[in-house]
Amino acid sequence: MRVDDYLSVCMFQLKVNLDCNSVDEYIIETKEVNSQLEAAFSIIEKRKPDISLFPEMTYLKKYEKKYQELSVSRIIVAGSYYKNGINTTVIFSDGKKHEVTKCYASGAEPMARKVSFLPVETFIKEELKSHEFWIKGKKLYILNCMEYYHIAYYIARNPQINHNLFGIIAICSNSNTRVFEEETICIHNHNDSIYTFSLNCVSTYKGENYGDGKSYIYGPISQHEKEWLRKEGINSKKNVCHLLSLSESEASYIYGEFLPYEKLSIFGRSDKYSSNPKNIIVEKL
């Protein structure tokens, strides 16, 4: 299998402090945050992943030129920030900056007071295209936290929408990853040919523990590969599509190389067999 057949992904689970007022939510910039981001940039420069992910609410404008430089021929989901009172996802694709308005909110977010619930059909018709990105001829949908919870199931089960779909990305600042992961399991029970890359932060919110980490990846993987990952200390759950998860308390990152489903053969005796995923790295940040 050619190297170009794989898409490499790097997910950075940052440890941050968040706060809010009645209008905006925001990250508290500290030396620790800057140190984590700069370490992440060094990893991107070294590994050169096709796709790099940062959690919701961790975008810092002062690094904009760095995101742009690192995104040439690549995609960087730089996180999100509040813009005019609305959570806005920032994505750099081949050096170009895209800002995508978040369409769904939890009651904990200040923007919940400004937006109304959007019917799924309306989101798909009017908003989905702005969440669609392409790399190496493969399609991605990039969703911000509650967008994934409300929309990903319908993307995964719609054959017109999920045609040529590599995976769905969810960036979060989430205190209830168990509920999100239950939704992910439901999604992958119906569609085992795509990936979910769900990236959360470890955070405090107004001084209290909030974001509980536990970032995870689901997607097509053989039982043999799950066994090899376990022997390398990377534990996967019993669900056939679960690849790996991060801890609930540490700033850390995942790097890996993933085959699109149509390139995948799970049988070692197959003429086209190639291991999936490859070169998995899970380390502290």
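This is a predicted model: local features need pLDDT of at least 70, side-chain atom pairs count only at pLDDT 80 or more; totals for chains, interfaces and linings use all residues.
**Figure 1. Strands E2 and E3 make a hairpin, with four residues sitting between them.** Strand E2 covers residues 15-20, and strand E3 covers residues 25-27. The two pair in the antiparallel sense, over three bridges. To locate one of these bridges, look for Asp19, whose bridge partner in E3 is Tyr26.

**Figure 2. The hairpin belongs to an open sheet of four strands.** Reading across this sheet, the order is E3-E2-E12-E13, and the pairing is mixed. Strand E3 and strand E13 (208-212) stand at the edges with a single partner strand each, so one side of each is left without a neighbour in the sheet. From one strand to the next, the twist averages 30 degrees. Strand E2 also meets strand E12 (residues 202-205): these two run parallel and are joined by four bridges. A handy landmark here is Leu18, which stands opposite Tyr205 in E12.

**Figure 3. Another open sheet is built from seven strands.** Its order is E7-E6-E5-E4-E1-E16-E17, and here too the pairing is mixed. Which strands lie at the edges? They are strand E7 (96-101) and strand E17 (278-284), each of which pairs on one side only. On average, neighbouring strands of this sheet are turned by 20 degrees against each other, direction ignored.

**Figure 4. At one end of the seven-strand order, E7 pairs with strand E6.** Strand E6 spans residues 86-93, and its pairing with E7 is antiparallel, over six bridges. In this view you can pick out Ser93, which stands opposite Lys96 in E7.

**Figure 5. Helix H1 packs on the seven-strand sheet.** This helix runs through residues 31-47. Its contacts are with strand E1 (7-13), strand E4 (51-53), strand E5 (75-83), strand E16 (252-258) and E17. The direction of helix H1 makes about 170 degrees with that of E1.

**Figure 6. Tyr67 and Phe92 form a stacked aromatic pair.** The centres of the two rings are 5.4 Å apart, with 20 degrees between the planes. Why does this pair tie together separate parts of the chain? Tyr67 lies in helix H2 (residues 64-70) and Phe92 in strand E6, so the pair links parts that are 25 residues apart in sequence.

**Figure 7. The largest pocket has a volume of about 220 Å³.** It is lined by 17 residues, and those closest to its centre are Ser106, Cys145, Ser173, Asn174 and Tyr210. Helix H4 (146-156) and helix H5 (177-190) each supply at least two residues of the lining. Sorted by class, the lining of this pocket has eight nonpolar, five polar and four charged residues.

**Figure 8. The structure holds one cavity of 30 Å³ or more.** How much volume does the largest cavity have? The value is about 40 Å³. Around the largest cavity you will find Ile221, Ser222, Glu225, Leu264, Ser265, Ile266, Tyr273, Ser274, Ser275 and Asn276 as its lining. These lining residues divide into four nonpolar, five polar and one charged.

Technical notes. Residues are numbered from 1 along each chain as its sequence is written. Side-chain values use heavy atoms; hydrogens and water are left out. On a 1 Å grid over the protein atoms alone, a cavity is a set of points where a 1.4 Å probe fits but cannot get out, and a pocket is an open set with protein on both sides within 12 Å along at least five of seven lines; lining residues have an atom within 4 Å of a point. Grid points are joined across faces, edges and corners, and a volume is the space filled by probe spheres set on the points. Ala, Val, Leu, Ile, Met, Phe, Trp, Tyr, Cys and Pro count as nonpolar, Asp, Glu, Lys and Arg as charged, and the others, Gly among them, as polar. Two strands pair if DSSP finds at least two bridges between them. Axes are lines fitted to C-alpha atoms, for helices over the stretch in contact, and angles run from 0 to 180 degrees between N-to-C directions. Contact means heavy atoms within 4.5 Å. Rings of Phe, Tyr and Trp (its six-membered ring) pair if their centres lie within 6.5 Å; planes under 30 degrees apart count as stacked, over 60 as edge-to-face and the rest as tilted.
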